[in-house]
Amino acid sequence: MKRFRVACLGAGYFAQFHLDAWQRAPQAELVAVADQDKKKAERAGVAPFTSLPEMLAATPPDILDIILPPDQQAEAIRTVLGSDLK
């Protein structure tokens, strides 16, 4: 079974549910979490980052889970589209 590399953007309250689901999914490998508050990102036990571009460059995922408030999601998507990740 191929495992997909997953990175999460956002480590606030709702992230706990996403992170738990990714960590339990046998086909997923959680590789990184980015949040403006690095201490929150560190709680996931994977590579922590404070910026999306830095995370994408250092740990390119197959799946990016955007766990941000709706008004911040479009900017995150534009960042991904402008990256080499495509």
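## Terms and model

Helices (H or I, at least four residues) and strands (E, at least two) are DSSP runs, numbered from the N terminus. This is a predicted model, in which local features need pLDDT of at least 70, side-chain atom pairs count only at pLDDT 80 or more, and totals for chains, interfaces and linings use all residues. Residues are numbered from 1 along each chain as its sequence is written, and side-chain values use heavy atoms, with hydrogens and water left out.

## Strand pairing

Two strands pair if DSSP finds at least two bridges between them. Strand S1 covers residues 4-9 and strand S2 residues 28-34. S1 and S2 run parallel and are joined by six bridges. Cys8 stands opposite Val33 in S2. Leu9 has Ala34 of S2 as its bridge partner.

S1 also pairs with strand S4 (residues 63-66), in the parallel sense, over four bridges. There, Val6 has Ile63 of S4 as its bridge partner. S2 in turn is joined to strand S3 (residues 47-49) by three bridges, and these two run parallel. Ala32 has Ala47 of S3 as its bridge partner.

## Crossover and burial

S1, helix H1 (residues 15-24) and S2 make a right-handed β-α-β unit. A crossover is right-handed if, with the strands pointing away from the viewer, the path from the first strand over the helix to the second runs clockwise.

How much of S2 is covered? Six of the seven residues of S2 are buried. Buried means under 20% relative accessible area, exposed over 50%, and partly exposed in between (1.4 Å probe, protein chains only).

Ala15 is found in helix H1. Ala15 counts as buried, because its relative accessibility is 1%. Ala15 and Lys40 are 25 residues apart along the chain, and their C-alpha atoms are separated by 9.8 Å.

Ala44 sits in the loop between helix H2 (38-42) and S3. Ala44 has a relative accessible area of 13%, so it is buried.

Ala47 belongs to strand S3. Is Ala47 buried or partly exposed? Ala47 has a relative accessible area of 30%, so it is partly exposed. Ala47 and Ala34 are 13 residues apart in sequence and 8.4 Å apart in space, C-alpha to C-alpha.

## Aromatic cluster

Rings of Phe, Tyr and Trp (its six-membered ring) pair if their centres lie within 6.5 Å; planes under 30 degrees apart count as stacked, over 60 as edge-to-face and the rest as tilted. By this rule there are three aromatic pairs. The ring centres of Tyr13 and Phe14 lie 5.1 Å apart with planes at 80°, so this pair is edge-to-face. The rings of Tyr13 and Phe17 have centres 5.6 Å apart and planes at 75°, so they too are edge-to-face.

Ring pairs link Tyr13, Phe14 and Phe17 into a cluster. Tyr13 is exposed because its relative accessible area is 58%. Phe14, at 57%, is exposed. Phe17 is partly exposed, with a relative accessible area of 46%.

## Largest pocket

On a 1 Å grid over the protein atoms alone, a cavity is a set of points where a 1.4 Å probe fits but cannot get out, and a pocket is an open set with protein on both sides within 12 Å along at least five of seven lines; lining residues have an atom within 4 Å of a point. Grid points are joined across faces, edges and corners, and a volume is the space filled by probe spheres set on the points. The largest pocket has a volume of about 290 Å³. It is lined by 14 residues, of which Leu9, Asp35, Gln36, Leu68 and Gln72 are the closest to its centre.

Which helix gives the largest share of the lining of the largest pocket? Helix H4 (residues 70-81) does, with three residues. By type, the lining divides into seven nonpolar, five polar and two charged residues. Here Ala, Val, Leu, Ile, Met, Phe, Trp, Tyr, Cys and Pro count as nonpolar, Asp, Glu, Lys and Arg as charged, and the others, Gly among them, as polar.
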